Amino acid sequence: MAAKKILMLVGDFVEDYEAMVPLQILLCVGHQVDTVCPGKQAGQTVATAIHDFEGHQTYSEKPGHNFAINADFDSADAAAYDALVIPGGRAPEYLRMNSKVIDLVKAFHAADKPIAAVCHGPQILVAAGLLEGRKCSAYPAVAAEVTVAGGQFVPASDGFDNAHVDGNLVTAPAWPAHPAWMRAFLELLGSEIKP
């Protein structure tokens, strides 16, 4: 398996597990992952948030770890990468307002490169206009956006541990889906995972 070069798009208050765990999984199998954030440079960090399910009407939010940025957003070019990862949390709600973020995501899609988005990450796919006629999983609060964008929302399983593949898009409802979401993404990348 040839190592792939992957771009991960994050921002302040990205969901901690949805950035850290996929990064570690991708590095573990030998891929290179560049983490970028608009307005930040290599060597800086973003704050993360830990979202948990504790019996309230929605998830709770607590401060997470600092997440390292190792590449510069301004020089990120989809042509230099094999795939894109968009974690969830609160970051996607404001990252989608950045026109360079949208242009970058559209370029990955136009080149039919794998795009993995989890939880609120599909908000960026919606803003980029990529879900018309596509099936997409996401956190349930994003269901209306997926539908209004012309997509078909794929509901979360009882354990929020399902993932959905539609062409080059791999989506999932939340961090409990990491095993299924990352397995499907790695398959699209051509990575071999052997027991």
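Seven aromatic pairs are found in a search of the whole structure, which is a predicted model.

**Aromatic pairs**
- The ring centres of phenylalanine 53 and tyrosine 139 lie 6.4 Å apart with their planes at 20 degrees, so this pair is stacked.
- Phenylalanine 53 belongs to the loop between β4 (45–52) and β5 (60–68), and tyrosine 139 to the loop between β8 (135–137) and α5 (143–148); the pair thus links distant parts of the chain, 86 residues apart.
- Phenylalanine 53 is partly exposed, because its relative accessibility is 37%, whereas tyrosine 139 is buried at 10%.
- Tyrosine 139 also pairs with tyrosine 59: the centres are 5.3 Å apart and the planes stand at 75 degrees, so the arrangement is edge-to-face.
- Tyrosine 59 is in the loop between β4 and β5, 80 residues from tyrosine 139.
- One aromatic cluster is formed by Tyr17, Phe53, Tyr59, Tyr139, Phe160 and Trp175.

- In soluble globular proteins, nonpolar side chains tend to be buried together.
- The largest nonpolar core here has 59 residues, and the members touching the most others are Leu9, Val10, Leu26, Val105, Leu125 and Phe185.
- Helix α6 (residues 178–189) contributes the most to this core, with six residues.
- Beyond its neighbours within four places in sequence, leucine 26 has contacts that include Ile6, Val33, Met182, Phe185 and Leu189.

**Charges over rings**
- Lysine 5 places its charged end over the ring of tyrosine 81, 4.9 Å from the ring's centre.
- Arginine 90 lies over the face of phenylalanine 13, 4.8 Å from the ring centre.

How values were computed. Residues are numbered from 1 along each chain as its sequence is written. This is a predicted model: local features need pLDDT of at least 70, side-chain atom pairs count only at pLDDT 80 or more; totals for chains, interfaces and linings use all residues. Side-chain values use heavy atoms; hydrogens and water are left out. A nonpolar core is a set of buried Ala, Val, Leu, Ile, Met, Phe, Trp, Tyr and Cys residues joined through side-chain atoms within 4.5 Å. Buried means under 20% relative accessible area, exposed over 50%, partly exposed in between (1.4 Å probe, protein chains only). Helices (H or I, at least four residues) and strands (E, at least two) are DSSP runs, numbered from the N terminus. Contact means heavy atoms within 4.5 Å. Rings of Phe, Tyr and Trp (its six-membered ring) pair if their centres lie within 6.5 Å; planes under 30 degrees apart count as stacked, over 60 as edge-to-face and the rest as tilted. A charge sits over a ring if NZ of Lys or CZ of Arg is within 6 Å of the ring centre and within 35 degrees of the ring normal.
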